[in-house]
Amino acid sequence: MLCPDQGFTSSHTILIDVTKYGGGGIIEKRLEEANIIINRNLLPWDLREGRHYVNPGGIRLGVSEVTRLGMREGEMKEVADFITRVVVDGISPTRVAVEVQEFKKRFTKLHYAFDSMDEAYEYIRIRGNPPSSG
């Protein structure tokens, strides 16, 4: 993972150097075969080292989509385990895909920041910005 000392792990997105596992393009394809969608991502030094967007050195993981499905910290550990098994342990993506598909069955409802407009307006009032009239 890149730049944890700069607080970059505090966001919902992380960038990981996967050059020793074949590069971002290869890992993106393998994880997609396992029903896990991530993005390949150029690392700051990739062009200097002869890599480009087709198979860059990194992958980008974000959690906004899975949190919208209701996953929390505990589920992130399970997702990380699926990724580790494919990328690091070399387990067949099609084998892991079956487990991922079963895991995802528990998350079928979309979650939003607020369940009602009233909650949204109350949040605005708490922050000190009254809703506009009109």
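Strands here are DSSP E runs of at least two residues, helices are H or I runs of at least four, and both are numbered from the N terminus. Pairing needs at least two DSSP bridges between two strands.

A word on the model. It is predicted, so local features need pLDDT of at least 70 and side-chain atom pairs 80 or more, while totals for chains, interfaces and linings use all residues. Numbering starts from 1 along each chain as its sequence is written, and side-chain values use heavy atoms, without hydrogens or water.

Now β2 and β3 (residues 58–62). Three bridges join these antiparallel strands. N41 stands opposite G58 in β3.

The whole chain has five helices and three strands. Along the sequence, the pattern reads β-α-β-β-α-α-α-α.

Next, R85. This residue sits in helix α3 (residues 73–87). Buried or exposed? R85 is buried, at 12% relative accessible area. Buried means under 20%, exposed over 50%, partly exposed in between, with a 1.4 Å probe and protein chains only.

What does R85 touch, leaving out residues up to four places away in sequence? G90, I91, V96 and E99. Contact means heavy atoms within 4.5 Å. With E99, the side chain of R85 also makes a polar contact of 2.8 Å. That term means N or O atoms within 3.5 Å; within protein, one must be able to donate a hydrogen and the other to accept it, and residues adjacent in sequence count only if both atoms are side-chain atoms.
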